[in-house]
Every structure is written in structure tokens, then in C-alpha cells.
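My entries follow in the order in which I made them.

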Amino acid sequence: MPEHPTTTWEAIQDGNTFYRRQQLYSVTGKLPNLGDYVVAGCRHGGPIAVMRDNSKLVALGRASTSLSKAQIQLYSPAGEALLLLSWEQGRIVRFGWTADERLVVVNEEGVYRLYDLQGDYEQYSLGNEAAELGLIDVRIQDSGLVAMTGALTLLEVKGWEGARPLTLASPGLTEPPHVWSVIPPDVNISRHVEVLLSVDSTILSVDNLEVVDQRISRGPFTHISPSPNGKALALVTYSGLLWAVSTDFQRSMAEFNTTTVHEAEGPIRQVEWCGNDAILVTWDSLVVLVGPYGDTLKFPHSGPTFAVTELDGVRIMGPDVCDMVQKVPVSSMSIFRPGSTTPSAILYAAWESFSQRLPKADESIRSIRPDLATAVDECIDAAGQEWEPYWQRRLLSAAKFGRGFLDLYNPTDFVNAGQTLKVLNAVRFYEIGIPLTYSQYIYASPTQLVKRLTSRNLHLLALRISSFLSLKPDPVLKHWASAKILRSRPTTTGSGRDAELSGDEEVCRLIVQKFEQLGGGEVSYADIAKRAWEVGRSGLATKLLDHESRASDQVPLLLTMKEDRLALEKAVDSGDSDLVYHVLLHLYKRLTLGDFFRLIESGGPKLTVASRLLEVYARAQNREMLRDFYYSDDRRVESAVLSLDEASRIKDPLSKLAAVKAAYKFFSDDKDRAFEAKMMDESTRLLTLQQQLEKESDDKVDFFGVSVNETIRLCILNGLSKRADKVRSDFKVPDKRFWFLKLHALTTLRDFEALEAFSKSKRSPIGYEAFVRHLVETGHAKEAVAYVARCDGPKRAEMYVLCGEWRMAGNICKERGDKKGLEELRKKSPNTMISRELDQIASTMK
């Protein structure tokens with residue numbers, strides 16, 4: 001049976017507060033001597049990174065080959081080697097960890113890399129200022145870094161996406177500070193990063209707006225350590241005084257003289273916080289925990305240690321063990337503290353009695369009946385805080401026992417605690433080496449834990465945890481597929497390209513099969529295909545993209561891979577016109593015009609839609625491209641129509657004439673468009689003639705661009721009758737149309753003599769009724785009378801009436817002996833006078 005939880009407890013502050021030292025792993029012989037290395041630890045049970053400290057002497061013949069270049073070794077908390085990184089990018093100034101377990105390495109030239117646990121990295125720079133001035137020191141925190149340049153200015157980088165560095169307020173330093181530290185923005189009340197500089201005997205607080213002198217006189221300091229909640233600071237003076245003070249320096253919390261620790265040898269190595277209410281001070285072989293009132297606990301070690309501040313305690317990596325020192329949780333205190341009479345302690349004792357079949361159990365339950373629900377909750381919480389599965393099971397069994405006596409109790413917390421502990425026990429196993437506490441797990445979320453497992457390539461465990469917690473397996477499958485692509489190699493069943501294709505087919509089949517089997521339906525194959533393309537497996541990337549159901553994800557990657565035809569076909573198949581336009585415009589910018597058009601033309605029926613959409617776009621936005629497209633596709637009719645359309649919009653005569661000539665050329669090249677070619681030829685001749693007419697009229701009359709009819713009309717109106725006759729003959733204008741045009745034009749001019757002469761020039765092809773009607777319509781009834789006599793006999797009476805000559809109309813009826821017609825005229829007569837005259841004419845008829 002494992003030791004009782006209280007065996008690791010040690011009292012502090014008059015025995016009212018307990019801290020426990022929980023051994024997490026035995027690491028004897030697994031780690032190097034940490035005193036000879038620069039070490040950086042990752043929070044939340046993460047790994048540590050170690051690099052040889054160049055300021056320390058090394059014995060000759062001892063690992064001499066490893067000193068030729070900087071190397072960083074990563075270890076899990078269980079002491080297992082994870083990764084060895086080689087660095088050849090200049091002197092390393094500092095390295096540290098991000099919140100998502102990526103190692104940040106910064107060199108003196110301002111270049112920094114973010115390594116994952118597989119050795120892949122992203123590289124960024126702090127800019128020209130950092131490169132020119134150089135960096136002398138850097139502080140790395142979860143969500144960014146602050147760098148001090150050679151000019152003693154401060155640069156801040158927010159996030160890890162390569163953001164542009166921001167310059168903080170200038171502290172006006174003339175020499176580097178004795179020590180400095182950073183309060184992260186997520187725990188600072190201003191929500192901005194705050195830099196603390198130990199200058200002379202005071203502390204300067206620097207942010208992006210101002211520099212504040214805290215005006216204290218206890219400095220200079222050798223260590224500055226902010227608490228995890230950002231509300232307190234631990235400061236160590238050169239005289240060895242440890243001072244805990246609020247971050248605004250208004251309230252002193254505790255003081256402790258480290259020189260009174262007689263077992264300590266050498267200088268202080270680290271000052272870290274254990275939670276938010278105790279401070280850990282380390283020497284080469286000694287760790288001392290200083291409580292709020294100056295009480296201490298001592299933890300000796302056989303060699304140098306390294307401490308990592310955690311959310312709920314401090315993790316200590318020593319030469320033999322990895323320990324977790326933390327304040328004993330309230331729930332554990334309530335149950336296991338000797339002599340405790342809390343409801344939870346009584347419930348636990350009742351469960352033990354019940355397990356031993358003692359009648360005392362029922363009596364104990366009755367005594368705490370009013371507080372039984374609270375006792376159950378405390379047992380559940382205490383189970384989560386325990387490291388050993390044995391005690392976890394006992395506490396959960398006690399909670400289950402108490403729950404049986406409650407009528408109404410929500411079991412959700414109980415079930416969640418059981419699930420959580422099963423997951424935590426799995427990842428705490430030394431081969432996994434992630435010593436997460438219950439509080440850290442709740443703070444970071446299960447999704448983050450799954451991500452940490454996949455970054456270690458522990459895909460099977462990550463997948464099982466995702467399934468156990470009802471999380472989507474998509475992120476795990478995506479990472480697994482990427483890792484599979486990186487590790488796989490084409491099979492050697494063939495040679496050259498065939499061998500690679502065979503290997504790609506096998507990998508693609510495995511990935512698709514695994515996704516379908518494990519329900520990764522929402523995983524984007526495009527993301528995995530992009531990874532395959534990045535590592536030079538373009539054939540595999542194309543095969544994976546065939547399984548991507550979302551064209552909007554397929555197409556951009558295909559364009560990046562320069563699979564132009566396939567990208568366009570996928571866009572067309574999607575039925576999304578916007579996506580087709582996106583591909584077309586991208587290809588239009590990247591390809592030469594000839595290659596672009598050949599790609600569309602050679603696509604056949606598959607790319608017909610793309611071709612039509614290109615036409616629609618080009619017609620509205622880029623007619624030059626449309627002209628080139630028609631020309632390259634040898635589409636003469638469309639080219640001619642486009643030229644005509646442009647001609648209709650052009651105002652410049654020469655350009656319009658050129659456009660019409662171009663249309664004529666396109667039509668004439670097509671044997672089936674002889675009529676259209678003839679029309680274009682006539683249009684060209686007409687435009688040329690109209691230019692001549694404008695010159696003859698000294699540009700006083702706008703002939704250009706009008707129709708043949710209008711040209712004739714304008715010629716007549718402007719006294720160019722011979723020109724009108726020439727237009728008539730050149731363009732074979734029918735006699736009827738010409739007579740109508742000249743009739744209207746002469747009437748407009750009120751040149752009735754010319755109209756009379758024109759009407760007598762030859763027999764009118766339109767008759768003379770048209771003369772009468774047009775003259776009457778234009779208000780010239782008197783002049784119209786002269787043409788009635790030339791009209792056909794049956795129509796003369798009607799024409800006279802149209803001209804207002806009722807008597808003459810009556811005489812025509814009399815001459816023709818048309819009594820019926822005369823009677824109708826009398827009925828329609830406008831007044832009695834005309835009626836009497838018509839009656840008189842009628843009376844003379846036989």
C-alpha cells in the first residue's frame with residue numbers, strides 16, 4: 001500500500017499550514033549536472049531545455065565534441081531525452097518556452113526561432129534595430145518576449161506570429177541593470193507588459209507609455225521574481241535579504257535573511273514562487289521554502305536543481321528526483337489532517353468503517369447528514385488533488401458511498417472527476433512524462449492536453465483520450481497524417497517517377513482509410529495536402545486533394561502547387577462562380593497571356609463554363625483581354641461583334657472607322673458571314689463618305705456616324721442635293737425611300753417650289769397621296785391642295801376633305817356621279833354653311 005498522504009506533509013506557520021513534497025519521478029543518472037548548464041523549464045508539467053553554460057569551466061577530454069557548436073537538449077520531467085537541437089545562427093542570448101510548449105531561441109542579432117518538440121521551427125526577426133544594435137538580454141514569457149538592445153532600449157514582441165516589435169518607453173539607462181524581470185500582460189492590471197529594472201538602489205517600472213521610479217532604497221537587487229498572479233514580487237538584495245512586496249511597492253509582505261541558512265553553499269541560484277503565497281530559494285544542493293511569515297522548510301538535494309513555477313506549486317528538477325512542492329489543498333487538509341472532525345473526514349472514516357463492515361458507519365453518516373453533500377464534494381475534490389491512484393480510488397469510493405445517502409445529487413462532478421483522473425494518470429506515466437496536476441489540467445483544458453500529446457507524436461494515446469472525453473479526433477488525425485507523410489518514403493517497386501507514385505498511392509490510401517474509420521469527416525484534406533506539398537510530395541498532395549469535399553479548400557492549394565488546369569476544373573465543378581473568377585484572375589496575373597488562353601482553350605467541354613465566365617468578366621471589366629481571347633481562340637464572328645460594339649461607343653471618327661474596318665476583316669475571314677462582311681464594307685464606305693461631307697460643310701454639319709437615310713436627309717437640308725443623289729446611287733437606296741426622304745426634307749425647309757419641281761421630275765413611286773398627307777400633317781394644307789388632282793380618282797374627294805376643301809370634294813363626287821359619297825360628305829360636314837353648299841351641289845345632279 002502506498003504511503004499515507006500525510007507522510008509528505010510538513011507544517012509551517014505554527015502548524016496551521018502544510019506543504020507537501022510529492023515525488024513525481026526518479027531521474028537518477030538521466031540528467032546532466034544542471035549546475036554546468038543554462039536551463040529553461042516549461043510550465044504545466046512541460047519539458048526542460050538545457051544548454052552548456054559557456055561561462056563554466058569544463059575539464060579537458062570531457063564531451064569536447066559537443067562544444068564545437070551550441071546544442072540544446074530537451075528532457076521530459078521524467079528525465080527522458082526528447083530532442084537534441086543544434087544551433088548555428090550566432091550566439092544564443094536566451095531561450096525559453098511558450099504556453100503551447102514551443103521552445104523560443106533568441107540570438108544576439110535579434111533572430112529568434114520557435115521549435116516544436118519534433119525539431120521543426122519557424123524563424124522570425126526583431127527587425128533592423130535589433131540587428132544593428134544587437135541584444136544583450138531577453139525575457140521570454142508565455143505570450144511574447146521583451147528584449148534589451150545594445151543601446152539599453154526595450155523591444156516588445158506580442159504573440160508568436162512574427163509580429164513587428166514595439167519599442168517601450170525609454171528608461172534612460174547608461175549601463176545595464178543589475179537584474180530585470182517582466183510581469184506578463186495577462187496578469188497585469190493594465191493588461192500591458194510591465195518591465196521591472198533594478199537600477200542603483202531603486203526599481204524602475206517600464207511599460208509602453210511611461211517609466212516610473214518606485215523610489216525605494218533597498219537595492220540593488222540580484223533577483224526579481226513576480227508571483228503567478230502578478231500581485232507580488234520576490235526581491236533579493238546583494239546582502240542576501242529576501243523581500244516579498246506587492247507589485248505597486250505599497251505593501252511589504254515578508255522579509256527573510258537568506259544568510260541565516262547555514263546549510264547553503266555558494267550564491268543563490270533561483271528565486272521562484274510556490275503558488276502565490278510562498279517563495280522557493282535554491283542553492284547548489286539546497287532548496288528552501290519561505291512562508292508568508294518567514295517560516296522555512298528545507299529540502300536538501302545531492303546536486304544542483306532547477307525549479308519551475310507552476311500554477312499551484314513549484315516543480316523541482318534535481319539530480320535524483322523530480323518533485324512537486326505545493327500547499328496542501330483545503331479538501332485534503334479537511335480529510336487527512338490528524339484529528340480532523342470536518343464532515344468530509346467523518347464521511348471518509350464512515351466509508352472505511354463500512355468497508356470493514358463495522359456498524360459505526362451508519363452512526364457517522366447520521367451525524368453529518370445536513371452537510372453530507374458538502375462532504376461528498378470535498379472527497380471528490382481531494383481525489384483530484386492526490387497523485388497516487390490508490391488514494392484517488394479510496395476518496396472517490398468514499399464520495400460514492402456518501403452519495404448513496406442523498407436523495408437528490410447531481411453526479412456530473414463525480415463522473416467528470418473519474419474521467420479526469422483516468423486521463424491524468426495516463427499522461428503522468430513516466431514514459432509519457434507530463435506531470436499535470438488537477439488544477440493545471442482544468443486551467444489548460446483537455447483540448448490543450450491532446451495538442452501536447454500530438455506534438456510528441458503520441459497519436460494513439462491522444463486519440464484514445466479524445467474518444468474517452470468525447471472530443472473530436474480531427475486535430476489528432478490531422479497531425480498524425482502530417483507525421484505519416486514526413487516519415488513515409490515512396491516504395492521501390494518501380495524506378496524514377498513510377499516509384500514515387502506507388503508510394504504516394506499507398507500513403508494516401510492509409511490516410512483516407514484511417515479518416516473514414518475513425519470518423520474524421522471534418523478534417524480538411526487540403527491542410528494535409530499542403531503539408532505533403534511543402535515536403536516535396538506534390539503527387540501525394542494532388543491525390544489527397546481528390547478526397548477534399550470543399551472546393552474552396554482544394555483550389556487555393558492547387559494554385560499554389562501550380563496545378564492550374566486541375567484547379568480550374570475543380571472550381572468549375574464546384575458550381576461557385578466566385579471561385580472560378582478567383583482562379584481565372586489568379587492565372588491571368590501569373591501566366592503569360594498566351595499560356596493563359598491556351599489553358600482555357602485546351603480544356604474542352606470541362607472548361608466551357610470558365611470560358612463563358614471569362615467572357616462575361618472581360619466584357620464588363622477588360623475588353624482588351626476579351627479581344628485577345630477571341631483572337632487566340634480564332635473566334636472571328638465574336639471578334640467582329642466586339643469590334644462593332646466598341647465602334648458604337650467610340651466618339652473619335654478615326655478610331656470608329658478603324659473598329660468597323662476590323663469588324664469587316666473578321667467577317668470577311670468567315671465564308672459563312674458574307675452578308676455581314678458586305679454590310680461592314682458598306683459601313684466603311686459610308687463613314688468615309690461622311691467624313692468627306694463634313695469637310696465639304698466645313699465641319700458645320702455632323703454627318704459622321706449617322707445612317708444612310710439620315711445622311712441623305714442632311715444633304716438635302718444643307719443644299720447638297722447632288723451629294724444626296726450620289727449617296728442614293730452608291731448605296732442603292734430604293735426610289736420609294738428616297739422620295740419619302742426628300743419629301744420630308746423639302747417640307748422641313750418649306751421649299752415648296754423645289755418640292756413641286758421634284759414631284760414633276762418623274763412619276764412619283766410613292767404616289768401623291770403621300771405628298772398630301774405629309775403636307776397636311778406638317779400644317780401645309782394649302783400647299784397640299786395642288787397635289788390632290790394628281791391622286792387617284794377615288795381618293796381625291798377624301799384628300800380634298802383632308803385639306804379642308806369640302807366644296808371641291810363635293811364637285812369631285814358630282815363629276816364621278818357618286819351621290820352616296822356626296823351624302824356621306826354632307827353628314828360629315830363641320831358646319832351648316834358647308835352642308836348647304838353640298839346640298840346645292842347634290843340638287844344639280846341628275
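What is the strand order in the open sheet of 4 strands that includes S7, and how are the strands paired? I read the order as S7-S8-S9-S10, with antiparallel pairing. Before going on I noted that this is a predicted model, in which local features need pLDDT of at least 70, side-chain atom pairs count only at pLDDT 80 or more, and totals for chains, interfaces and linings use all residues. Residues are numbered from 1 along each chain as its sequence is written, and side-chain values use heavy atoms, with hydrogens and water left out.

**Sheet S7 to S10.** I took strands (E, at least two residues) and helices (H or I, at least four residues) as DSSP runs numbered from the N terminus. Two strands pair if DSSP finds at least two bridges between them. Strand S7 (92-97) and strand S10 (121-125) are the edge strands, each pairing on one side only. Neighbouring strands of this sheet are turned by 15° against each other on average, direction ignored (axes are lines fitted to C-alpha atoms, for helices over the stretch in contact, and angles run from 0 to 180 degrees between N-to-C directions). Inside the sheet, I found 4 bridges between S8 (residues 103-107) and S9 (residues 111-115). Val-105 has Arg-113 in S9 as its bridge partner.

**Sheet S11 to S14.** I found another open sheet, of 4 strands in the order S11-S12-S13-S14, and its pairing is antiparallel. S11 (135-141) and S14 (166-167) stand at the edges with a single partner strand each, so one side of each has no neighbour in the sheet. S12 (residues 144-149) and S13 (residues 154-158) are joined by 5 bridges. Here Val-146 is partnered by Glu-156 in S13.

**Hairpin S19 and S20.** Strand S19 (residues 221-226) and strand S20 (residues 232-237) pair in the antiparallel sense over 5 bridges, and Ile-224 has Leu-235 as its partner in S20. The two strands form a hairpin with 5 residues between them, and Gly-230 in the turn has a positive phi of about 70°. Why is S19 largely enclosed by the rest of the structure? Because 5 of its 6 residues are buried (buried means under 20% relative accessible area, exposed over 50%, partly exposed in between, with a 1.4 Å probe and protein chains only).

**Cysteines.** I searched the whole structure for disulfides (cysteine sulfur atoms within 2.5 Å) and found 0. The sulfur of Cys-274 is 14 Å from the closest cysteine sulfur, in Cys-322, too far for a bond. Cys-274 is buried at 2% relative accessibility, and Cys-379 is buried at 0%.

**Cores.** A nonpolar core is a set of buried Ala, Val, Leu, Ile, Met, Phe, Trp, Tyr and Cys residues joined through side-chain atoms within 4.5 Å. The largest has 64 residues, and Leu-544 and Phe-596 have the most contacts inside it. A second, separate core of 48 residues includes Val-708, Phe-752, Ile-766 and Leu-838.

**Helices.** I placed Glu-615 in helix H19 (residues 608-621). Glu-615 counts as buried at 14% relative accessibility. Beyond its neighbours within four places in sequence, Glu-615 is in contact (heavy atoms within 4.5 Å) with Leu-626, Phe-629, Tyr-630 and Arg-635. Last, I checked helix H22 (residues 653-668), whose buried residues include Lys-656, Phe-666 and Phe-667.
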